[in-house]
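Below are my notes as numbered points, to be read with the structure open beside you.

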Amino acid sequence: MSRILHVLDHSLPLHSGYTFRTRAIMKAQAAAGWDVAGITGVRQYQHGQIADSLDETVEGLHFHRTLDAVSGPSPLREWREIAVLAQSIIALHTRWPFDLLHAHSPALNGLAAVRAARHLGLPMLYEIRAFWEDAAVGNGTGTEGSAKYRLTRALENYVISQSDAVAVICEGLKTDLVSRGVAQEKITISPNGVDLELFGSPPPADAALAAQLGLTGKDVIGYIGSFYDYEGLDDLIAAIPLMKNDAHLLLVGGGPMEQALRAQSLASPCADRIHFVGRVSHEEVEQYYSLVDILAYPRKRMRLTDLVTPLKPLEAMAQGRLVAASDVGGHKELIQHNRTGTLFAADNAPDLALSIDGLFENRANWDSIRATARQFVDEERSWQKNIYRYDPVYHLLIGDKANVRAA
């Protein structure tokens, strides 16, 4: 049985979209017969958590930790992080010999994996989940075209050039890499998927929770996710007074925009119909999905949202919820207008309101849309099937490297 080591920025027990994708990949690969483990850099414990040992098992998955203390000003600190992670990977190989490195963005992980792969003579796959320079712009921590933006992009290009293969999560990222000169045959698409063991059996509406939130018998529009500016939740709140339907809005999650969004909601003429729940555990999220008729994803148009596909609309489809989303590129890869959901103009609260009103006015089509969306998830976006996209690349890389060593 071949062993795969995933090189990660962070992992379970921390919760994020990044860790949930990693969990899905590793669990599906283990079920498919691969021997898998992960290793994290020093950032796993940068927020005050303390690791008890070099090894940790969470939800049946095995993770190895880099416990070195790293300090210094940027970019010296980052170069030290790369060095200690590379050393940890090399040291781990003596305890748990692996056959292939599967490094996941950001580029710091990729650079550490490149060093370790060269030292060990092993193949390496680099997976890009987003371009982190664009993510920084979307999160408000970076500026497009700045020195840091250009450096991050240059480092990623270098990692790509030094990797044996590259994986991306969507067509948008692949198209961008090809425009940079990366050979198409070097790139594999492993799209975001849904773990149908977690989201495949929608629960009945939670009557007690609906009563607690004042939603009994109400039409409900929902958003479940992170509150970043690029998610466009200000447009969603602005759309509520423009709608003919007197639906309630349920906002589940948190993030940098939460305070501003709460203030906007209090000033809305529909403040009594806008409900903030806060963050909930991954185990509880199904209860909130069960209350929602239409999940709304009003992402703003920018480079990040045009290139990257989100995970949440897929989870909503798997839960049998209707999906309404802005017409950015990342959404258009997932949603067929009037077949698996509805698309409205990005950055346009009136069109958002019009689209959702249209869905409420055409309830006779809901069952057909839900069934088509669920079929799309089952056939093309379940992790149980997505995971096999890695297999031919793994086998090719491990076989090629073994042949080189034998020669």
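1. Let me begin with glutamate 81, which is buried because its relative accessibility is 8%; buried means under 20% relative accessible area, exposed means over 50%, and partly exposed lies in between (1.4 Å probe, protein chains only). Please keep in mind that this is a predicted model, in which local features need pLDDT of at least 70, side-chain atom pairs count only at pLDDT 80 or more, and totals for chains, interfaces and linings use all residues. Residues are numbered from 1 along each chain as its sequence is written, and side-chain values use heavy atoms, with hydrogens and water left out.

2. Which residue forms a salt bridge with glutamate 81? The partner is arginine 77, with 2.9 Å between the closest N and O atoms. A salt bridge here is a side-chain nitrogen of Lys or Arg within 4 Å of a carboxyl oxygen of Asp or Glu. Both residues sit in helix 2 (residues 76-95), four residues apart, about one turn of the helix. Helices (H or I, at least four residues) and strands (E, at least two) are DSSP runs, numbered from the N terminus. Arginine 77 is partly exposed, at a relative accessible area of 22%.

3. Side chains of opposite charge can pair when their charged atoms come close. Across the whole structure, a search finds 24 salt bridges. One of the pairs joins glutamate 127 to arginine 129, with the closest N and O atoms 3.7 Å apart. Glutamate 127 is buried at 0% relative accessibility, and arginine 129 is buried at 9%.

4. Lysine 300 and aspartate 234 form another salt bridge, their closest N and O atoms being 3.2 Å apart. Lysine 300 lies in the loop between strand 12 (294-297) and helix 12 (303-307), and aspartate 234 in helix 9 (residues 233-239), so this pair ties together parts that are 66 residues apart in sequence. Lysine 300 counts as buried at 16%, whereas aspartate 234 is partly exposed at 25%. Do also look at the salt-bridge network that links Glu133, Asp134, Arg153, Asp176, Arg180 and Arg303.

5. Six strands form an open sheet in the order 11-10-9-12-13-14, with parallel pairing; two strands pair if DSSP finds at least two bridges between them. Strand 11 (274-278) and strand 14 (342-344) are the edge strands, each pairing on one side only. Strand 13 (residues 322-326) pairs with strand 14 in the parallel sense over three bridges, and alanine 324 stands opposite threonine 342 in strand 14. Helix 15 (residues 349-361) packs on the sheet, touching strand 9 (220-226), strand 12, strand 13 and strand 14; contact means heavy atoms within 4.5 Å. The direction of helix 15 makes about 160 degrees with that of strand 14. Axes are lines fitted to C-alpha atoms, for helices over the stretch in contact, and angles run from 0 to 180 degrees between N-to-C directions.
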